[in-house]
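Subject: Structure for your review

Dear colleague,

Please find below the sequence and structure that I am handing over to you. I would be grateful if you read the notes after it with the structure open.

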Amino acid sequence: MNEARWLTDEQQRAWRKLAGVITVLPTALDAQLQRDASVTHFGYWVMALLSESADLSARMSDLAAKANASPSRLSHVVSRLEKNGWVHRRKSPEDGRGSIAVLTEAGQAKVVASAPGHVAKVRELLFDGLDDDQVRQLDEICAVLLRQMGYHAETAMPMRRQDSSQAGG
């Protein structure tokens, strides 16, 4: 049995701060979006991903990967978005088995209306206290962390096995 590689004091301090950010940031973003737009952060994220698609739609399995969510979590959120008229599902025209999530006009309007408040909160919580060099450092650090966890740095999409061997530092 190998002996544990404990964190140094400096690593422990950095880890505690990062764990705090990981915990506090999503909660604060969720609270803002629920208060101002009556949508969860994850629901907004799903609609934003759809809004960035060329035809405002995505196969549910692809959308789950982009949103870093299990298929069941995504399905549950899409069901709630459907009840609000912001998303609808249709069968895949290619195989008839898969489902396609489609952002509706109302959903597109919801994203457009919600974006300014969301961006303001992201700026307030994350970027307003950083200078340009710190933003670049944050970008570089996040890219390294994503690659170490097996995700593409630019898209945060999971890497396939052959991709991870080519990830580099």
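The notes below go from the overall fold to individual residues.

**Overall architecture**

Please bear in mind that this is a predicted model. The protein contains seven helices and three strands, and along the sequence these elements follow the pattern α-α-β-α-α-β-β-α-α-α. Along the principal axes, the C-alpha atoms fill a box of roughly 50 × 40 × 30 Å. The protein has 169 residues, of which 26% count as buried. Its accessible surface comes to about 11,700 Å², and carbon and sulfur atoms account for 53% of that area. Among contacts with a separation of 6 or more, 45% are between residues 24 or more positions apart.

**The pairing of α1 and α5**

Two packed helices are described by the angle between their axes and the distance between the axes. For α1 and helix α5 (residues 105-127), the axes come within 10 Å and cross at roughly 145 degrees. The crossing of α1 past α5 is right-handed. On the α1 side, the contact is made by Leu25, Ala28, Leu29, Gln32, Leu33 and Ala37. On the α5 side, the contributors are Lys110, Ser114, Gly117, His118, Lys121, Val122 and Leu125.

Lysine 121 deserves a separate word. This residue is found in helix α5 and touches Ala28, Leu29 and Gln32, leaving aside residues up to four places away in sequence. Is lysine 121 buried or exposed? Its relative accessible area is 19%, and the limit for a buried residue is under 20%, so lysine 121 counts as buried. The side chain of lysine 121 also meets that of glutamate 124 in a salt bridge, with an N to O distance of 3.4 Å. Both residues lie in helix α5, three residues apart, which is about one turn of the helix. Glutamate 124, at 48% relative accessibility, counts as partly exposed.

**Other salt bridges**

The count of salt bridges comes to five. One of them joins the side chains of arginine 136 and aspartate 133, at 2.6 Å from N to O. These two residues are three apart in helix α6 and are therefore separated by about one helical turn. Both partners are partly exposed: arginine 136 has a relative accessible area of 46%, and aspartate 133 has one of 47%. A further salt bridge links the side chains of arginine 35 and aspartate 36, at 2.9 Å from N to O. Arginine 35 is exposed, with a relative accessible area of 60%.

**A nonpolar surface patch**

Which residues make the nonpolar surface patch of about 750 Å²? They are Leu7, Trp15, Leu18, Val21, Ile22, Ile141, Leu145 and Met149. Both α1 (9-37) and α6 (132-148) supply at least two residues each, and α1 gives the largest share, with four residues. Methionine 149 is placed in the loop between α6 and α7 (161-164). Its relative accessibility is 57%, and because exposed means over 50%, methionine 149 counts as exposed.

**Backbone and loop positions**

Most residues other than glycine have a negative phi, and most peptide bonds are trans.

- Leucine 56 is not a glycine, yet has a positive phi of about 60 degrees. The residue is in the loop between α2 (41-51) and β1 (57-59), and at 17% relative accessibility leucine 56 counts as buried.
- Alanine 156, also not a glycine, has a positive phi of about 60 degrees. The loop between α6 and α7 holds alanine 156, which is partly exposed, with a relative accessible area of 28%.

Finally, glutamate 94 is in the loop between β2 (87-91) and β3 (99-103). At 71% relative accessibility, glutamate 94 counts as exposed. How far apart in space are glutamate 94 and valine 111? The C-alpha to C-alpha distance is 28 Å, and the two residues are 17 apart in sequence.

Yours sincerely

Terms used: Residues are numbered from 1 along each chain as its sequence is written. This is a predicted model: local features need pLDDT of at least 70, side-chain atom pairs count only at pLDDT 80 or more; totals for chains, interfaces and linings use all residues. Side-chain values use heavy atoms; hydrogens and water are left out. Patches are made of residues with over 30% relative accessible area and no salt bridge: like charges are joined within 9 Å, nonpolar side chains (Val, Leu, Ile, Met, Phe, Trp, Tyr) within 5 Å. Accessible areas come from the Shrake-Rupley method with a 1.4 Å probe; for residues, only the protein chains shown count as cover. A salt bridge is a side-chain nitrogen of Lys or Arg within 4 Å of a carboxyl oxygen of Asp or Glu. Buried means under 20% relative accessible area, exposed over 50%, partly exposed in between (1.4 Å probe, protein chains only). Axes are lines fitted to C-alpha atoms, for helices over the stretch in contact, and angles run from 0 to 180 degrees between N-to-C directions. A crossing is left-handed if the near helix is turned anticlockwise from the far one by less than a right angle, and right-handed if clockwise. Contact means heavy atoms within 4.5 Å.
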